[in-house]
Amino acid sequence: MKRLFLVGLILFCGAGVLWGAGTKKKKPLPQDFGSVTISNFSQQAGMAPVVFDHWVHRKNYTCRLCHVDIGFGMTANSTQIRAVDNSKRFFCGVCHNGSSTINKVKIFDSCATSYTREEYKRCVKCHALEKDPAKEEAFYRLQEKMPRETFGNGINWEKAEETGQLKLIDSLEGVSFKKSSMKVQKDFALKGKVDGMPDIIFSHQKHTVWNGCEVCHPDIFVGIKKGATKYSMIDLFDGRYCGVCHDKVAFPQSDCKRCHSKPV
Amino acid sequence: MSFVTMKGVIAAALLALALAQPVRAEEAWQATFDDTCARSNQAMAMSVQELRDLLDRCDALRKVIETQEESVRKVYLKRLSLCRNLYAYMLEYKQNNQAK
């Protein structure tokens, strides 16, 4: 009886310590994986912060288009977007301009300096903290059609792109440059630091489809020569290097075999 | 055509020219920007001199963009820094290789 009480006490205290220290991160729901809350100026303007869903956008566009050609930063709130930027057709306003279309559907307009009660419904499409059941349903409709994955938002985006289920737009008239095709670097292997863990196969080919060069070099990866940038899994889980995208938008790093994939 | 009408036409033409010039100037820096940063795909294959020239162009463009209105400045300074950093990164790599 005494031993049972002691075990119970240890478990209770242990759970309390873990809860108090906040070591257990809450896993986002599949439809919320990759959501970013942008709150620079919205609240000053009496609006809710913007909740940006990556899945809505990445099913149509490459990361590069938004993070290079349109100029969005790689971390929440770093871009300092104002409503006036959008109404001048920069940032969100590049596509959300009331006339652009995607898959023959008109994209709703972004910010306006003044709006009617009716138009306010458009504002809360982005400035919303409450869950939108219609959006959630749209996510599950998309997920059903896509190759599945256990982690993240349950979609294997890489496979969807490879198999042609996603046809990504990488340039926009009037925004993107006309670029010649790129000579892609070969895949290479990185040695795993833990015994028994397969080596990592890094594919430039797979990454450049979505990102081009500038998203990663030199802001995320400074070293050019293989092995020049030293990092550990702790750095990655801390949101640096691969962790800038993986865990946040791209598949989570807990999905070990996606990177540690070299046959043993 | 009377002298007064003629003067009016000349004044209108001069005004139109004056208004068109800033637009042309804006187009000029944007064309330079496009031409400079559109080459990032080829950065790996460029010579040290080509990369140095592109960096000089980026620095000159930065000065022009800094004089633009806030939204333009925000977007284009970010875009410029991405391509400038890539060129600088490649230049460093090539110079290190030459030194070896």
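## How helix α6 of chain A begins

Let's start at a helix end: where α6(A) begins, the backbone nitrogen of A134(A) has a side-chain oxygen of D132(A) within 3.0 Å. Keep in mind that you're looking at a predicted model.

## The two sides of α6(A)

Helix α6 of chain A runs over residues 133–145, which makes 13 residues. How far apart should its ends be? At 1.5 Å a residue the helix should span 18 Å, and its end C-alpha atoms are 19 Å apart, so the two values agree.

Now look around the helix. F139(A), L142(A) and Q143(A) are the buried ones in α6(A). They take up an arc of only 100° around the axis, which means they sit on the same side of α6(A). Elements covering the buried residues of α6(A) include α2 (54–58) and α7 (157–162) of chain A. Turn to the face pointing away from that buried side, and you'll find the exposed residues P133(A), E144(A) and K145(A).

## The nonpolar cores

In soluble globular proteins, nonpolar side chains tend to be buried together. Here, the largest nonpolar core has 39 residues. The residues with the most contacts inside this core are W29(B), F33(B), I65(B), Y76(B), L80(B) and Y87(B). Two or more core residues come from each of these elements: α3 (63–69) of chain A, plus α1 (3–37), α2 (48–65) and α3 (70–99) of chain B. The largest share, 11 residues, belongs to α3(B).

How many disulfides does a search of the whole structure find? Over all chains, the count is 1. This disulfide joins C37(B) to C83(B), with the sulfurs 2.0 Å apart. C37(B) is in helix α1 of chain B and C83(B) is in helix α3 of chain B, so the pair ties together parts 46 residues apart in sequence. C37(B) is buried, at 0% relative accessible area, and C83(B) counts as buried too, at 2%.

Other cysteines go without a partner. C66(A) is in no disulfide, and the nearest cysteine sulfur, in C95(A), is 6.8 Å away. As for C256(A), the closest cysteine sulfur is in C259(A), 8.7 Å away, which is too far for a bond. C256(A) is partly exposed, with a relative accessible area of 37%.

Notes: Residues are numbered from 1 along each chain as its sequence is written. Chains are lettered from A and ligands numbered from 1 in the order in which they are written. This is a predicted model: local features need pLDDT of at least 70, side-chain atom pairs count only at pLDDT 80 or more; totals for chains, interfaces and linings use all residues. Side-chain values use heavy atoms; hydrogens and water are left out. A nonpolar core is a set of buried Ala, Val, Leu, Ile, Met, Phe, Trp, Tyr and Cys residues joined through side-chain atoms within 4.5 Å. Buried means under 20% relative accessible area, exposed over 50%, partly exposed in between (1.4 Å probe, protein chains only). Helices (H or I, at least four residues) and strands (E, at least two) are DSSP runs, numbered from the N terminus. The expected span of a helix is 1.5 Å times one less than its number of residues. The arc is that of the directions from the helix axis to the C-beta atoms. Contact means heavy atoms within 4.5 Å. A polar contact is a pair of N or O atoms within 3.5 Å; within protein, one must be able to donate a hydrogen and the other to accept it, and residues adjacent in sequence count only if both atoms are side-chain atoms. A disulfide is a pair of cysteine sulfur atoms within 2.5 Å.
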